[in-house]
Amino acid sequence: MSGPDDVDLVARFAAGDEGAVRDLYARYAGPVFTVAMSRLGRRDLADEAVHTTMLKAWRAAATFDPTHDLAPWLYAIARRVAIDIHRRESRAAVPAELGDDDVAVEPVSLSRTWQAWEVRAAVDKLPAPERDVVRLGHLEGLTHREIADHLGIPVGTVKSRSARAHRRLASLLGHLVVVAR
């Protein structure tokens, strides 16, 4: 999710400015950690993936095209690093059989984690009245009538705020590709 502040960072990063690495780390370490954690499920391994991702990005800075967004490039590196760490850990681990009380859980995919992060960031960008309507409708599962009662506003206002919010979200999230399962 690159923004206007990223233009300068991208140019400095691609030019090999060491200060840009610190700024890059400050801005993207959290989202890169989320990507790694979704794949690895362990904080220590996710931390390792963040550091390795940043190092690989720095080493490849000269090959980065500053006309592109930085975030997707970093997340692709993070995904590959997390896969490498996962493979390394899988080879090192001795497989154990699941007991009767154990449950095997499939980790959330990288793309689903990234999409959730993008949606959350887009909802946070909505004006407060629209954000409230979206959250109450989608997270709380309230109907338009229930939202109107909860907020003390007419149902028509809820409907118009909801329509505006969904148009804004569609615009903000148009770059995401939703694949039906």
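**Salt bridges and helix packing**

With a relative accessibility of 38%, R168 counts as partly exposed. The model is predicted. The side chain of R168 forms a salt bridge with that of E130, at 2.7 Å from N to O. This pair links distant parts of the chain, with R168 in helix 8 and E130 in helix 6, 38 residues apart.

E130 is found in helix 6, which spans residues 128-139. The relative accessibility of E130 is 3%, under the 20% limit, so E130 counts as buried. E130 also forms a salt bridge with R164, where the closest N and O atoms are 3.2 Å apart. Here too the pair joins helix 6 to helix 8, across 34 residues. R164 is partly exposed, at 34% relative accessibility. Beyond neighbours within four places in sequence, E130 is in contact with R161, R164, A165 and R168.

Side chains of opposite charge can pair when their charged atoms come close. The count comes to nine salt bridges. One of them joins D23 and R12, at 2.4 Å from N to O. D23 lies in helix 2 and R12 in helix 1, so the pair ties together parts eleven residues apart in sequence. D23 is partly exposed, at 34%. A network of salt bridges links R42, D44, E48, R88 and E89.

Helix 8 (residues 155-172) also packs against helix 7 (residues 144-151). The angle is about 110 degrees, and the axes lie 8 Å apart. The two helices are therefore roughly perpendicular to each other. By class, their contact has four nonpolar, two polar and two charged residues. H144, R145, I147 and A148 in helix 7 meet V155, V158, K159 and S162 in helix 8.

Notes. Residues are numbered from 1 along each chain as its sequence is written. This is a predicted model: local features need pLDDT of at least 70, side-chain atom pairs count only at pLDDT 80 or more; totals for chains, interfaces and linings use all residues. Side-chain values use heavy atoms; hydrogens and water are left out. Axes are lines fitted to C-alpha atoms, for helices over the stretch in contact, and angles run from 0 to 180 degrees between N-to-C directions. Helices (H or I, at least four residues) and strands (E, at least two) are DSSP runs, numbered from the N terminus. Angles under 35 degrees count as roughly parallel, over 145 as roughly antiparallel, 65 to 115 as roughly perpendicular and the rest as oblique. Contact means heavy atoms within 4.5 Å. Ala, Val, Leu, Ile, Met, Phe, Trp, Tyr, Cys and Pro count as nonpolar, Asp, Glu, Lys and Arg as charged, and the others, Gly among them, as polar. Buried means under 20% relative accessible area, exposed over 50%, partly exposed in between (1.4 Å probe, protein chains only). A salt bridge is a side-chain nitrogen of Lys or Arg within 4 Å of a carboxyl oxygen of Asp or Glu.
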